[in-house]
Amino acid sequence: MHCALYTAGSCRSCQWLEKPYPQQLADKQQHLQALLAEREVGQWLPPVTGALSAFRNKAKMVVSGSVERPLLGMLHRDGTPVDLCACPLYPASFAPMFNVLKTFIARAGLTPYNVARKRGELKYLLLTESTSNDGVMLRFVLRSDSKLAQLRAALPWLQQQLPQLQVISVNIQPVHMAIMEGEQEIILTEQQALEERFNQVPLYIRPQGFFQTNPQVASALYAAARDWVRELNIDSMWDLFCGVGGFGLHCARPETRLTGIEISAEAIRCARQSAATLGLQRVEFQALDSTRFATAEGDVPQLVVVNPPRRGIGQALCDYLQRMAPDYLLYSSCNAQSMAQDIALLPGYRIERVQLFDMFPHTAHYEVLTLLVREK
């Protein structure tokens, strides 16, 4: 992938860009195998890859510059802005939207926030595109609601220019820190969730819900989980740290008792909407802390799926799983190091199968799916 921003030294987020892609993949696989070297692995499946450019469905753009000439991109540590509208990780559909949004910022009088001076209103633009229907969710992150009326007044022009905008919202983030969003979300459109569809499973994205940024590889990840679970012939499962329910909804059959747990209430609303669309009757999604739920629950399912944040599932949940001993654990991780640490705390399980999913080309990051089976 050629990137003029990288060549110019303006952006080095893709730190492995100069490394040939086969070597990138080999290095990631070697890293994963080294982390699990102390445990026997029943089967190593080949890595799953996707497109090497234009694969991201989401842009998180710091807004800088002036209201007349805004820049969308990032800030270096010294405060120097870099416009990333030409980033080759974004699909071709994003560049025309960025151009319209720059004009809209000026029309609406949304002064970019100046970090050094702690002045201005517009901090970020967050853009998410559905690969299933080309619909787009747009979020404005503002310092306060003082410009909300101006934004609302100018919104019809923006919607006329970009009819693909299905969900538009404003997030209020008043803190002078590098925090992407605040707690208050104001939805400006009748539609409140963007629909995505992976492997014929409808998934919904609300403004404050997490969703994978590489749809092609994420779809393959969910499909692999589905196929692995169907081989197990289970009828009860938990999906912990479930997000919008992608794993559980892919793996559950109509007769499966599925409980999905996620701390984000917005994500749980999406998961419930998907379950209703699919007509699943034996499914329950709850907005709770996954570890607290699991350790307080009496009944143990046959399968526990975990998809934790980078910190992993931790000692308390590992101790619980080791003690309560469900037949199978399916661990999806964005941080193989914390996953390996967790697996070391589960000596009662053997590693049946491992597969790497290269969700983040040109970086050292990757996703991994691991199936653990309880030793009889």
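Reader: What is the volume of the second largest pocket?

Author: About 320 Å³. A volume is the space filled by probe spheres set on grid points, joined across faces, edges and corners. This is a predicted model, where local features need pLDDT of at least 70, side-chain atom pairs count only at pLDDT 80 or more, and totals for chains, interfaces and linings use all residues. Residues are numbered from 1 along each chain as its sequence is written, and side-chain values use heavy atoms, leaving out hydrogens and water.

Reader: What makes a pocket a pocket and a cavity a cavity?

Author: Both are sets of points on a 1 Å grid over the protein atoms alone. In a cavity a 1.4 Å probe fits but cannot get out. A pocket is an open set with protein on both sides within 12 Å along at least five of seven lines. Lining residues have an atom within 4 Å of a point.

Reader: Which residues line the second largest pocket?

Author: Val62, Val63, Met74, Leu75, Tyr113, Val115, Lys123, Tyr124, His176, Met177, Ala178 and Met180. Strand 1 (58-65), strand 2 (70-75) and strand 4 (122-129) each give two or more residues to this lining. Strands are DSSP runs of E with at least two residues, helices are runs of H or I with at least four, and both are numbered from the N terminus.

Reader: How do the residues of that lining divide by class?

Author: Ten are nonpolar, one is polar and one is charged. Ala, Val, Leu, Ile, Met, Phe, Trp, Tyr, Cys and Pro count as nonpolar; Asp, Glu, Lys and Arg count as charged; the others, Gly among them, are polar.

Reader: How many cavities of 30 Å³ or more does the structure hold?

Author: Two. The largest cavity holds about 50 Å³ of space. Its lining is Asn57, Lys58, Thr128, Met137, Ile205, Arg206, Pro207, Gly209, Phe211 and Gln212. By class, that makes four nonpolar, four polar and two charged residues. The second largest cavity holds about 40 Å³. Val229, Arg230, Asn233, Ile234, Cys251, Arg253 and Thr256 line the second largest cavity, with three nonpolar, two polar and two charged.

Reader: Why is Phe241 called buried?

Author: Its relative accessible area is 11%. Buried means under 20%, exposed means over 50%, and partly exposed lies in between (1.4 Å probe, protein chains only). So Phe241 is buried. Phe241 sits in the loop between strand 10 (236-240) and helix 6 (246-251). Beyond four places in sequence, Phe241 touches residues including Ile261, Glu262, Asn307 and Leu317. Contact means heavy atoms within 4.5 Å.

Reader: What makes Asn307 count as buried?

Author: Its relative accessibility is 18%, so Asn307 is buried. Asn307 lies in the loop between strand 13 (303-306) and helix 9 (314-324). Leaving aside neighbours within four places, Asn307 is in contact with Leu240, Phe241, Phe247 and Ser332.

Reader: Why is Gly279 called partly exposed?

Author: Its relative accessible area is 41%, so Gly279 is partly exposed. Gly279 is in the loop between helix 7 (265-278) and strand 12 (283-287).

Reader: Are Cys11 and Cys14 buried or exposed?

Author: Cys11 has 12% relative accessibility, so Cys11 is buried. Cys14 has 11%, so Cys14 is buried. Cys11 lies in the loop between helix 1 (4-7) and helix 2 (21-35), and Cys14 is in the loop between helix 1 and helix 2. Beyond four places in sequence, Cys11 touches Leu5, Tyr6, Met74 and Leu84. Under that exclusion, Cys14 is in contact with Met1, Tyr6, Leu89, His362 and Thr363.

Reader: Which residue does the UniProt annotation "active site" cover?

Author: Cys334, from the unreviewed entry. Cys334 lies in the loop between strand 14 (328-333) and helix 10 (336-344). Not counting residues up to four places away, Cys334 touches Pro308, Pro309, Arg310, Tyr366 and Glu367.

Key. UniProt positions are given in the numbering used here, feature names are shortened, and annotations may be inferred rather than shown by experiment.
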